[in-house]
Structures are given as C-alpha cells and as structure tokens.
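Here are my notes on this one, as numbered points. Have the model open while you go through them.

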Amino acid sequence: MSSIPEDLYPSEEDFLYEEEVLRNPNSFKLWWRYLIARSGSPFKKRSIIYERAVKALPGSYKLWHAYLRERLEIVRNLPISHQQYQALNNTFERALATMHKMPRIWIMYLQVLTQQKLVTKTRHTFDRALCALPVTQHDRIWEYYLVFVSQKGVPIETSLRVYRRYLKYDPSHIEDFIEFLINSERWQETAERLSGVLNDGQFYSIKGKTKHRLWLELCDILTQHATEISGLNVDAIIRGGIRKFTDEVGRLWTSLADYYIRRNLLEKARDIFEEGMTTVITVRDFSVIFDAYSQFEESMLSIKMEGSNDSEDGVNEELEEEEELDDRLDIEKLTERIGSFWFKDENDVDLRLARLEYLMDRRPELANSVLLRQNPHNVEQWHRRVKLFEGNPTKQILTYTEAVRTVDPMKAVGKPHSLWVAFAKLYESHNDVSNARVIFDKAVQVGYKAVDHLASVWCEWAEMELRHKNFKGALELMRRATAEPSAEVKRRVAVDGNEPVQMKVHKSLRLWTFYVDLEESLGTLDTTRAVYERILDLRIATPQIIINYAMLLEDNKYFEDAFKVYERGVKIFKYPHVKDIWVTYLSKFVKRYGKSKLERARELFEHAVEMAPAESVKQLYLQYAKLEEDFGLAKRAMRVYDQATKAVPANEKLGMYEIYISRAAEIFGVPKTREIYEQAIESGLPDKDVKTMCVKYAELEKSLGEIDRGRALYKHASQFADPRSDPDFWESWNNFEVQHGNVDTFREMLRVKRSVSASYSQTHFILPEYLMQKDQLQTLEEAKDVLKKAGVGDDEMEALERRLLPPSGGGELAVKESGGRKRVGFVSAGTQQKDGGEDETGNREEIELPEDESDDDDEDNPTVEIAQKEIPSAVFGGLARKRDELEKDAEENKDSDEQLGALERIKRMRRAKE
C-alpha cells in the first residue's frame, strides 16, 4: 500500500460513497453514482473505481462500455507504439471474457487493433469475433473485416482467403470481390469470376450494373491482359457478346482483334478485322472496325520501317566481309545466303505498304457492302456498287450478276428492272450485243411487281435494236411483247391463282405507245392502222392516241376515216377528257368542209354543246358562233351567242355577254346591243355584274346622246352599289351629272345616294352578324324574309319597322300628289321655320347655290313639272299599312301637336308606348 500515491486514496468526500459500495458492492446504481460524482477526478483515480466496479460486477455492459470509452479517449492522441495501447488491449481482452456476446465491444476492439496495424492479431481477433457472435450479427463484423483486408500491408493471399470466406456468407457481394481483384491485378481470377457472374442467369447486381456493362468489362480485361489469362476460351466469350449485344458489335470485334494482337497472333488479328468488316450491318460499327484496322496496319508498317533502317547498316558490313572470301564451296555459308533471299526476308515493308493501300482502296466497297447487308434488295445501292468498279468490266459484270440474283422484285426498294437494263447496256457499251440480247431475254422472264417494269424492259430492248439499225428486229420484239397469251396459258395461270405480269403486259399503254411510234416510223399505213385498232379494241386508248390516230389518217388523206375515229373517241370518253377531242374534231371538220357541209357541222356542234357540261361549253359555243359568222347566217350566230349566255356558268356570263355585245355591234350596229344589254341586266347576273353591265350600258347611251336613258341606268344600278364600299360607281355617276345634268338631277343623285346608304346601314343594323354579307339584302323586304328564316317573331319585326319608319307629320316621306295619292320620297332630317312662320323641310346636305343665280333661274325658267308614277303598295308590304295607321293618328293629333322633327316624334312615340 505504501507504493500507491496518496492522491489516489479516497478523500473525506468519498467516504459516503465508499460506505455505500462497501455495504452493497453488487449494486450498479451505487457504483454509477460514485463514478458520476467523481467525473472531474483524474483518470488514474477513476480507473481504480472502474476496476473495483467491474471486478464486483463483471457482467455489466454499461460499466465496461464506459470504462473502455474513457480508455480510448486517453490513447486517442498517442502513437500506436505507446504502452497505453497494450494496456488498452489487455482491458479489452478482460472485458471480452464476459462480454463476448456484445458486438459493440468486439467492434471497438477490432477498430483499435486495425489502427495499430497488428495484422495477425487483428485477423485472429476477427475470427474470434465471428466464432463468438451469432450468424445474425456477422454482417456488422464483416463490414470492418473487409475494410481491414483492403488496407495496404495486408498480404494478398490473406485478403483473397477472407473475401472467399465472405462470399460463402453473402454471395451477392461478388462485385466487391471483383473490384478488389481488379485493384489487386489478379486478372486470372477476375476473368473467371466475371465469367461466372455472366453465366449466372439469376444474378442481380447490387450496384446497378447491367449485363451489357459487365460483358464490356470482361472483354476489356481479356483483351488488355491477354498474356496473363489462360484457361478461358476468349474467342467464344467475345463472339457470344457479339451475338447478344448488337449495339456494341464494332467495339467487341476490335476487342477480339486486340486480344490476338497482344498475343502476337497478327495474321489471326487481320482475319478478325476482315471478318468484322464483312459481318457488321451498321456504318458506325464498320467505321470503328475500319479505323482500328487501319491504325493497326499503320503501326505495324512504322515498326517495320524503323527496324529496317537499323538492320541495313549491319547487313552491308557483313556482305563486304563475305565478298573478300571465296565461300562458294562452304555448305553452311551457301545455306545462309539462300535463306537471305526475298521470300525469306523479314524486311517486308513493301508488302505491308501494299496491304495498307489495298485496305484504303477497299473502303468504299466495304461501306457499300454494309448498306447492302442492311437491305440486300436496295436497287440504288447496287447501282452505286457498280459505279465503284468503273473501269473494271469484270468486277462490274460480277456485281450485276450478284445483284440480279439477290434482289427480289417483290421486296425491292426502287426499280429492279433498271438492274437488268444497266447490265445489258454494259455489254452493249463493250460491243457485245449478243450477250446484251441474252440479258434482255432473261430480264423479260422475271416476275416483276408492276407491269410497267416489264414494259420498260421491252422498250429498252427495242431501243437497243434501233441503235444498232436492226429495225425489223425491233418491230418483231414489239409484236412479241404485245401478243396476247393463248387461252391455254390463261387457263393454266388461273389454276395457279398467281397471275404474273407477263400475262398483263399486252395491255400496257407504254408498250403500245412505243409500238405505234415504231410502226409510224418504220411500218406501213396498214400495219399502223392495225396497231391503232388493236389499241382501241383493248380499251387502253387515251384522248391523245385518238387524236394521233386521226391526224395520221388526215395526213394520208383519209378524212372520213379520221372523222370516224373522232366519233369513236367522243363515244368512248366522257368529260373532261373528251373536251380536247371535240375541239380538235370540230376545228378539223370546219377546216375541211367549211360551207359545203354546213348542216352536218351544225349537227355536230349541237351534239357537242348538248353533251358538254357548263364549265366546258364556252369554247364550243364560240367555235359554233364563228362557224355561223364565217359560213352561215348572222342571225343564227346571234342565236348561238344568246344560247351561250344561258348555258355558261354564272361566273362566265359577264364575259360571254361582252363577247355577244361586241359581235352584235360589229355585225348589226350599236343600237342592236340595247336589247342585249337589257337582257343581260334582267338575266339574273350577280349583283356586281349587273352593276358593271348597267355602267357600260349607260356609257353606250351617253355616246348615243340618250342622257335620260343613261341617268335611268345609273339610278337602277345604284341599288347594287354601297357608297362605303364602291366609291368608283358613285364617282362615275357624279362625273356624268357634272357633264350632262343640272341642279335638280344632281340633287336627285345625292338623294339616291343617301337613300342607298341608309338602306345598307339599316339592313346591316337589323341583321345578325352571320348574315352581313356583301351584295345581299338590299331591300327591307328581303331583310324581313331573312329575319323570318332566322326565327325572329312577328312582334319583334313590327317593333323594328316602327323604329325605321318615321310618321308622316314632318318630312317628305308622305307627300301628297295632285291626284290625292301619296308617294314615298326622301325623309328629311328635321324642320326649319322661316320668318313668315311657314315650316320648311331642312336638309343639311343640300347644295348651296348663290341667291342671285337661283332667283334668275326662278324668273327666267318656269318650273318644270316632272311626271311621277305611283309605286304599288305591294312593294312596301307591311310598311304601307303601318304608314297609313301613323298618318291617321297624325291627323287626329294635328290640332294639338306642333310641327316637330323626326327625332322628336320618334322619342314621343317611345314615351307613349312606355
């Protein structure tokens, strides 16, 4: 006891705790309260208390854990070689004697040992922990065990054994082991483990790696470390990846070639590159392989060139020494010289250079092969392949042969017959016409998808015969091509159920057109007519063929036969196709016979215009009228024009009337055109065309001096001209009145203008938006009809009429005539009162003339009475009845009411209703 320092003895403050723990040493609370009370004491004193406590309570986890934590804090900043670490290890060992089932104590101890770099002791302790703890808590130990074996300084074999043991516990962490092997550069086992993973169909990556990525990692390892890996069939592994992963084919092929390059199997690597370029189906993969192949050849060439430069100097020196000695009888020397010949020369720079150039020259061909592997039935790619061998007829012939064997006409993209035609033209270009005929003969037996393809082959064959002056052969070919199959052949094909194009080619319009051109150029008239008749019998003729046939007969003076052909044409075809035949037929007939067969021509024209629709009849009527003008009667011509104006569609009527008027004026004079103008105006032309016709008619009357008739025409046309949208018409009428009118006529023009403007504004005001169209609803009656159709009731319509119809009290709407009747006139804007007390209708838009001139006019010129005509009351419909009622009310209230303006009267009427 004398060796213990005095400061470690219990003080007077500790006596209370000492008495309690001595009285009850097995109480954890008493020891824990003692330790908390002495939390500020030095560790040495607290360690004595801890030792006494754990001795009394060796199974207390809380005491051991707190004791070990404090000891860990003491050694935290000390070097690992300090003696305190040994004391700490001993404490852990004593604690584990009773705490061996507590994983937290084991983890604390293992972390301390790992920090001390005690490899063997740490490994043994990990093993003890795994043996002491249940399996359910092993994952907590393995986490730190793997960290320990991954540290530097731990032997690789030890780490491998630990990882293998761990995989037996949890095989799902195989990827961690593979990463460890890669970091440890154990390539053999890495490749084996990766292969096992890829062959395991139930493998699931906990790191989210796909099978594709693992395949690429394995290929990279196999190729980059080819000399360090054995026992695996690398070729089969990579080829399996090529078959399975089509999006990385190029990379996998280059990896396989790289594997053989690293193993110094250069010829095998070349074979792999060639195989890859001839099997890939995408341009991207081809580019990857070709670039790697060319880079490989360039690197090999550069290595050989560098080695050859170094060896040339030594060889020259040896040759100089051998020349000095005569060794012709020495067998050994002779053998060495024979071995140095070119076929055993290691300096093959020229060969490698030629191989590289050959590879570069083949690139377009190889790239085209890739595209053809994508679709071997692509005709355009075959044509491009042939162009690559331009200047090499043998290769071109071989390519065409391969193309026509490969391309299926039913699956072809493009025109498969063009391959046969180009093949034959290749022989023709080299003056081998006999072989070209053989190619064409085979081409016409191919089952094409479309009849036009076979017809094109026949035509190309015939054109080749024409180029070589074989005219009879060309005609014979066309007869052979257009020959109809026999009934027996048709029956046999019908039984098979699959009709080839050879059975339909005899109805090909292209073939017959070419045939008839040949007959016209090389044959006789009879043979040509026979061909045309055969075309008509097959019902494949077109309007142009009809016209060509007729023209042929005309050129050979068979006019009646030509007209018969025209007649057949107009019976075969309908409008609009028959229009050209009619026009040509009629013009040719008139040109041929003129006046001699006028009645027959009239019958033809009557038949033509009867059959023609309205859209196509105008030209025929003009031809008909021209016939009558040239060879017939002028009156008949006018009647034809009159019929034409009724037959053409509405949009062409104005133009037809203009032609009618111009011809009538030229033949019968200008006065004759008046009735045509009147007919046009009353014929139901569109409003804008009626207005145009009225203006032209007015200009005609003005030129004839009929000013009143022209003014009446302007007045009639004014109802179709809205002053807001058609100022040109009103400007024209204004100029007319300025030149030929007077004050009264000018005022009348302004009054009509205001009236028309008011009618348009009122019509638009009372109509719905969807009915506000131009050239519609110019009158109030039409507006009422439209409102009835739109569903507006009679009561609402009457209210609108009252708003629009002012009473008869003030304005000029109701003006009594001399006969006692009333007429409708202009509604004034209000009334003005003179000095004499008489009311005068006010008009703000009237023309102000000088007073002197007006007085002179009144004195010199007597008042002109204008005859007025009564307007039927049916024109106004319901408006007239309302007007009469208003006039009656106005007469009853005449004595009491004052003379007021229209606006004030309307306001009073509304107040009366309210």
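1. Start with the H19 and H20 pair: their crossing is left-handed (the near helix is turned anticlockwise from the far one by less than a right angle; clockwise would be right-handed). H19 covers residues 363–374 and H20 residues 379–388, and their axes come within 10 Å and cross at roughly 165°. The pair is therefore roughly antiparallel (angles over 145 degrees count as such). Axes here are lines fitted to C-alpha atoms, for helices over the stretch in contact, with angles running from 0 to 180 degrees between N-to-C directions. On the H19 side, Pro364, Glu365, Asn368, Ser369, Leu371 and Leu372 meet Gln381, Trp382, Arg384, Arg385 and Leu388 of H20 (contact means heavy atoms within 4.5 Å).

2. A word on where this comes from: it is a predicted model, with local features needing pLDDT of at least 70 and side-chain atom pairs counting only at pLDDT 80 or more, while totals for chains, interfaces and linings use all residues. Residues are numbered from 1 along each chain as its sequence is written, and side-chain values use heavy atoms, leaving out hydrogens and water.

3. Next, have a look at H13 (residues 234–244) and H14 (residues 249–262), which pack at about 170° with axes 9 Å apart. So H13 is roughly antiparallel to H14. The residues that meet include Val234, Ile238 and Ile242 from H13, and Leu252, Trp253, Leu256 and Tyr259 from H14.

4. Taking the chain as a whole, you get 45 helices and four strands (DSSP runs numbered from the N terminus: H or I of at least four residues for helices, E of at least two for strands). Of its 914 residues, 40% are buried (under 20% relative accessible area, with exposed being over 50% and partly exposed in between, using a 1.4 Å probe and protein chains only). Accessible surface comes to about 53400 Å², 50% of it on carbon and sulfur atoms (Shrake-Rupley method, 1.4 Å probe; for residues, only the protein chains shown count as cover). Looking at contacts between residues at least 6 apart in sequence, 54% join residues at least 24 apart.

5. Is Ser456 buried or exposed? It counts as buried, because its relative accessibility is 5%. This serine lies in H24, residues 451–467, and its side chain makes a polar contact of 2.5 Å with that of Arg510 (a pair of N or O atoms within 3.5 Å; within protein, one must be able to donate a hydrogen and the other to accept it, and residues adjacent in sequence count only if both atoms are side-chain atoms). Setting aside residues up to four places away in sequence, Ser456 touches His417 as well as Arg510.

6. Asn431 is not a glycine, yet has a positive phi of about 60°. Its loop runs between H22 (417–429) and H23 (433–443), and with a relative accessible area of 70% Asn431 is exposed. Arg539, also not a glycine, has a positive phi of about 60°. You'll find Arg539 in the loop between H28 (525–538) and H29 (543–555), exposed at 77% relative accessible area.

7. Finally, Trp32 in H2 (residues 28–37). At 24% relative accessible area, Trp32 is partly exposed. Beyond its neighbours within four places in sequence, Trp32 contacts Lys62, Leu63 and Ala66. Trp32 and Leu63 are 31 residues apart in sequence, with 7.9 Å between their C-alpha atoms.

Methods: Parallel < 35°, antiparallel > 145°, perpendicular 65-115°, else oblique.
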